[in-house]
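Below are some brief remarks for a colleague who has the coordinates open.

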Amino acid sequence: CPVVLAPRSSSVAMPPPADIVKVAIEWPGAFPKLMEIDQKKPLSSIIKEVCDGWSLANHDQFALQHADSSNFYITEKNRNEIKNGAILRLTTSPAQNAQQLHERIQSSSMDAKLEALKDLANYSRDVTFAQEFINLDGISLLTQMVESGTERYQKLQKIMKPCFGDMLSFTLTAFVELMDHGIVSWDTFSVAFIKKIASYVNKFASDISILQRSLAILESMVLNSHDLYQKVAQEITIGQLIPHLQGTDQEIQTYTIAVINALFLKAPDDKRQEMANILAQKQLRSIILTHVIRAQRAINNEMAHQLYVLQVLTFNLLEDRMMTKMDPQDQAQRDIIFELRRIAFDAESEPNNSSGSMEKRKSMYTRDYKKLGFINHVNPAMDFTQTPPGMLALDNMLYFAKHHQDAYIRIVLENSSREDKHECPFGRSSIELTKMLCEILKVGELPSETCNDFHPMFFTHDRSFEEFFCICIQLLNKTWKEMRATSEDFNKVMQVVKEQIMRALTTKPSSLDQFKSKLQNLSYTEILKIRQSERMNQEDFQSRPILELKEKIQPEILELIKQQRLNRLVEGTCFRKLNSRRRQDKFWYCRLSPNHKVLHYGDLEESPQGEVPHDSLQDKLPVADIKAVVTGKDCPHMKEKGALKQNKEVLELAFSILYDSSGQLNFIAPDKHEYCVWTDGLNALLGKDMLSDLTRNDLDTLLSMEIKLRLLDLENIQIPDAPPPIPKEPSNYDFVYDCN
């Protein structure tokens, strides 16, 4: 008879039920109550239970909220965020609270009004409260208070100026927070309200909080409503905004540039150039360079983003010229080509009084245009009919010829006097280089919502794109000579030049001169060395035995990459929640369980330092429930309308997990690397192929390293393309030893 041993209950701790959360609940004047919340029960019955414990009637007028600084209400939607050990507070319901605050902010007592507005600014961050307050027409009440505020309290201003400033600050804060939830359309505001907000940019310049909120409201108005853009543009001038850039508060500078960017972005095409001219007259670029970029403090991410947006919008002004074809019949445009010829060959040309025949002059022009490196020697205007770069290439050439005349003449004459087929065609090079620079700087593309990749050197000159071209055309000529290139090598030279420019830009030079010196250190020889060190010579590794070895090793390498991806998912990643305004960053964290069976995720107050433990992430998604992983435009959160959702860069970082019938988990990766890691890892979990660029690169690198290691013993031995032939049979087998 088998003996059954009873388990020792003392040594085995049963895990608590998944739906039970242990919390403490506070009530003013009472001792906190410790209780277990059953997440399966309706929230109303839990509130009733708490109210009964303290003998409170009308439990439907109460609600629970977090007792931390957020004071957010707990609803059926967010109750899953309650964690074990959380401290909650029993309080009046959102509807009751909204009604009370609506009445309190209309109090005749200044002190009571101030206190009520302070509470309103705090509570408005919570979407549950905001919805109730907006239902009471609360936003209209706030706008009326702003519109009439100055007149009503004008007499009190002298006596109670600090109090008035605080009241206005809290009113504007509450307004910004309420509008941020996206419940109310921006199109509903009056001109009187806009005038008032615009006036605060000047009137309360010394009050940082009022100025900051006024700028934030103006930016949101411009970005969210075409009608409001028109009204704001009439009320606020660049001249009013520029003094705020000359202060020392980086946050105010950031909001100011954000307003300028918003006005720039939403301006109609015909007004954009006009606005750019105003910015140039007001010396905006040099003010930003002096007071922001070269100020004695680090540039934070939000400021870097706004500078990047301004940089993109400035370069986008070139789009019109970039997409304009040359009209061969337009005499003014043809005169630019004549001017290029005149500057280059003025000394050689015949005096005007010795008028040769028309045929002779035509042949001379054709010869000169050939020397200038145009493809069409007879009618060079035809070279500028491709868009991009269109007329922008001709503009760049003329700028180079006029502002760097010596370098221009040297390049043209140096190449036109060569007879060895190694001449670098200036015209063709300039056109292709302009096209390349437009691609590098993404001229014509909308600024990304997440990028902060600005280049300080573009803020050091009023004609930074043209100066950038002048440096690069000289680099192209130098690289051409170093490569001893002929016209057949044109594309190879352009590839090397692009690599030189990209490598120099990644170092973020602070000035155009510094950029030039970086290029000096990136000669063709140096690029060859870098290429050699970065990748193996493919030609030596294309023989059949090596390809067979690669094929044999590849599954092991792919398995190694798969394990690395899954290990990264186990570590987890912090994702940012994108909303209409980037300044209020909200984060969430997602990680895979060590047994690769469950995804744990949850919201965070701020970006974490290091890994977030599994037990602090309340939500779970079993991997077995995942139906599919979709990317880009196929993601549910990318199908919504709005400028942000159409943004190319955000699209490239978006992916979603689809589960159940309509469940979805939407991600926007912090960068391309994390995007590749997560999409690869999720595909690996689902038993699908890992198709990202990162996997391809990792596979190439690891395969190359493994093959090099295996071939170390074969150094200096030529690997044959085919196996050696089988030798002939011997004439006799006398050397065979007979075992029998």
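1. Four strands make up an open sheet of mixed pairing, ordered S2-S1-S4-S3, where strands are DSSP runs (E, at least two residues; helices are H or I, at least four) numbered from the N terminus, and two strands pair if DSSP finds at least two bridges between them. Strand S2 (33-38) and strand S3 (62-66) lie at the edges with a single partner strand each, so one side of each has no neighbour in the sheet.

2. This is a predicted model, in which local features need pLDDT of at least 70 and side-chain atom pairs count only at pLDDT 80 or more, while totals for chains, interfaces and linings use all residues. Residues are numbered from 1 along each chain as its sequence is written, and side-chain values use heavy atoms, with hydrogens and water left out.

3. Strand S1 (residues 20-26) runs antiparallel to S2 and is joined to it by six bridges; in one of the pairs, Ala24 has Leu34 of S2 as its bridge partner.

4. Gln554 belongs to helix H25 (residues 544-571), and its contacts (heavy atoms within 4.5 Å) include Leu699 and Leu703, leaving aside residues up to four places away in sequence. The C-alpha atoms of Gln554 and Asp700 are separated by 9.6 Å, although the two residues are 146 apart along the chain.

5. What relative accessible area does Gln554 have? The value is 30%, which means that Gln554 is partly exposed, the class between buried (under 20%) and exposed (over 50%), with a 1.4 Å probe and protein chains only.
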